[in-house]
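Subject: Structure handover

Hi,

Here is the structure I promised to pass on. Have a look at it first, and then read my notes below.

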Amino acid sequence: MKEKTKEFLKKYLIGFILGLISASIITVYAETFFPSNQTTYDNTNTELQSENVQDAIDELYGVCTAEPPAGEQIIENAGLEKDPYECRYFFTGANPNNYITFNDETAGWRIISVECDGTIKILRNESIGNYQWDSSNSNNWARPATLNTYLNDTYYNRLNSIAKNQIIAKYFNIGEVASNDTNLANTISNENSKKWEGNIALPTASEYIRTNSNRSSCGTVNQLWNTSSGECRGTTWVYYTSNWWLLSPYDYGSGVINVISYNGAFGDPLARASANVRPTLYLSSEIKITGGTGTSSDPYEISL
C-alpha cells in the first residue's frame, strides 16, 4: 500500500512540485488518495516544506496516516477474488495465508471471508471440544439450539474484553438445505431464507463448499453427500482431523450437516449427536491490520 501510494504521488505530483521549487524551499498543498479503494484523504490544510522533490513526496505521504480498513487490505494483499454468488471474498484452497490472531490466540483463527460491508468472518482453527448440536434433537438453531446458547453465553463470556469489543453481532444464515441439491446457488438461497442474529455460530454448508478449490468434484451438497473418496479433503484449508459441526440443518427430520474427518464429505447426524465445534464470528469493519502477513508463523495482527 505504501509503495503504491508513493508511485501514485511520483506520477501525478512530481511535475507540480518541480514547478514550485525555489532556491531552497518547496511549499506543497495537495489532496491525495489511495488508488486501490478510491478513499480520499484531504490534506489541503497542511503545509509541507522540503528542499527537494523526493523529500516533498515522502513528507506528503507521511501526512496520510489513515489506512484502508483491514478487510480491504486483506483483499488486496492476499489477492482474494470476489465470490460469484454474493458480495463476499473467500479464501480457498489447501493452505492460503489466512491466519489471524484473535483473543490472544496466535494463529488460532483463520479468515473465511471478507464481506463487502468491511466485516471479516473468521473460524477457529482448532475445536473447542465435542458438543451436542441440540440436546432436545431440534435442528432449529434459532430455537435456540443447545450449542447456540453455549457459544453465545458460556463461550462468549470466556473471551477477553479486547476480543469481545472486536466482535460485531450479525445475521447468520440458518436455512435448511437438501442433500440432493446439485446447484450451489440454490443451496445459498435456501440457507439465506432464514436468519439468526448473534455473536457466534458455525460455518454454513455453502461456505464450506466455497473454501474448496476443487469445484468440479466438491462443488455441491450432493457431491459432498455422495462421495466416499478423500479427494475433497485435500483441497480446502477448512479440513479437520475429527468430525465437526456445520450450521446448516437438512430439510428433513432433525438432521444437521457435519463434516466427516476421513474424507471431508458431509454426514447427517441427528442434532442430539456430538461432534467437534469450531466457532465462527464476524470482526468489526473498524478493525485495522497492525502486522503480519497471514502465514501460520506470521499471522495477521489486529486492533480497533
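First, a term: I call a residue buried under 20% relative accessible area, exposed over 50%, and partly exposed in between, using a 1.4 Å probe and protein chains only.

Some bookkeeping. This is a predicted model, so local features need pLDDT of at least 70 and side-chain atom pairs count only at pLDDT 80 or more, while totals for chains, interfaces and linings use all residues. Residues are numbered from 1 along each chain as its sequence is written, and side-chain values use heavy atoms, with hydrogens and water left out.

**Overview**

The chain has nine helices and 18 strands; these are DSSP runs (H or I of at least four residues for helices, E of at least two for strands), numbered from the N terminus. Of its 304 residues, 53% count as buried. Taking contacts (heavy atoms within 4.5 Å) between residues at least 6 apart in sequence, 61% join residues at least 24 apart.

**The core**

The largest nonpolar core holds 66 residues, and Trp141, Leu151 and Phe266 have the most contacts inside it. Helix 4 (residues 146–158) supplies the largest share of this core, with five residues. By such a core I mean buried Ala, Val, Leu, Ile, Met, Phe, Trp, Tyr and Cys residues joined through side-chain atoms within 4.5 Å.

Who surrounds phenylalanine 266? Setting aside neighbours within four places in sequence, its contacts include Tyr208, Ile209, Leu224, Trp225, Tyr250 and Ile260.

Strand 6 (residues 105–115) has 10 of its 11 residues buried, so it is largely enclosed by the rest of the structure. For pairing, I ask that DSSP finds at least two bridges between two strands. The partners are:

- Strand 4 (residues 88–90) runs antiparallel to strand 6 and is joined to it by three bridges; here tyrosine 89 stands opposite valine 114.
- Strand 5 (residues 99–102) is also antiparallel to strand 6, with three bridges, and phenylalanine 102 faces glutamate 105. The two strands make a hairpin with two residues between them, where asparagine 103 in the turn has a positive phi of about 60 degrees.
- Strand 7 (residues 120–124) is antiparallel to strand 6 too, through five bridges, and its lysine 121 is the bridge partner of serine 113. This hairpin has four residues between the strands, and glycine 118 in the turn has a positive phi of about 95 degrees.

In helix 6 (residues 184–192), Leu184, Thr187, Ile188 and Glu191 are buried. They sit on the same side of the helix, because they cover an arc of only 100 degrees around the axis (the arc is taken over directions from the helix axis to the C-beta atoms). The elements covering them include strand 9 (170–173), helix 7 (205–210) and strand 12 (244–249).

At the N-terminal end, asparagine 183 caps helix 6, with a side-chain oxygen 2.9 Å from the backbone nitrogen of alanine 185. Threonine 220 touches that region: Asp181, Thr182, Asn183 and Leu184 are among its contacts beyond four places in sequence. Threonine 220 is in the loop between helix 8 and helix 9 and counts as buried at 11% relative accessibility. A polar atom of the threonine 220 side chain lies 3.0 Å from the backbone nitrogen of glutamine 223.

**Aromatics**

There are 10 aromatic pairs. In one, the rings of phenylalanine 102 and tryptophan 109 have centres 5.1 Å apart and planes at 85 degrees, so the pair is edge-to-face. The cut-offs: rings of Phe, Tyr and Trp (its six-membered ring) pair if their centres lie within 6.5 Å, with planes under 30 degrees apart stacked, over 60 edge-to-face and the rest tilted. Phenylalanine 102 is buried at 1% relative accessibility, and tryptophan 109 is buried at 0%.

Tryptophan 225 and tyrosine 250 form another edge-to-face pair, 5.6 Å centre to centre with 70 degrees between the planes. Tryptophan 225 lies in helix 9 and tyrosine 250 in the loop between strand 12 and strand 13 (256–259), so the pair ties together parts 25 residues apart in sequence. Tyrosine 250 counts as buried at 1% relative accessibility.

Finally, Trp133, Trp141, Phe172, Trp196 and Tyr282 form one aromatic cluster.

Cheers

Definitions and conventions. Polar contact = N/O pair within 3.5 Å; in protein donor to acceptor, adjacent residues only side chain to side chain.
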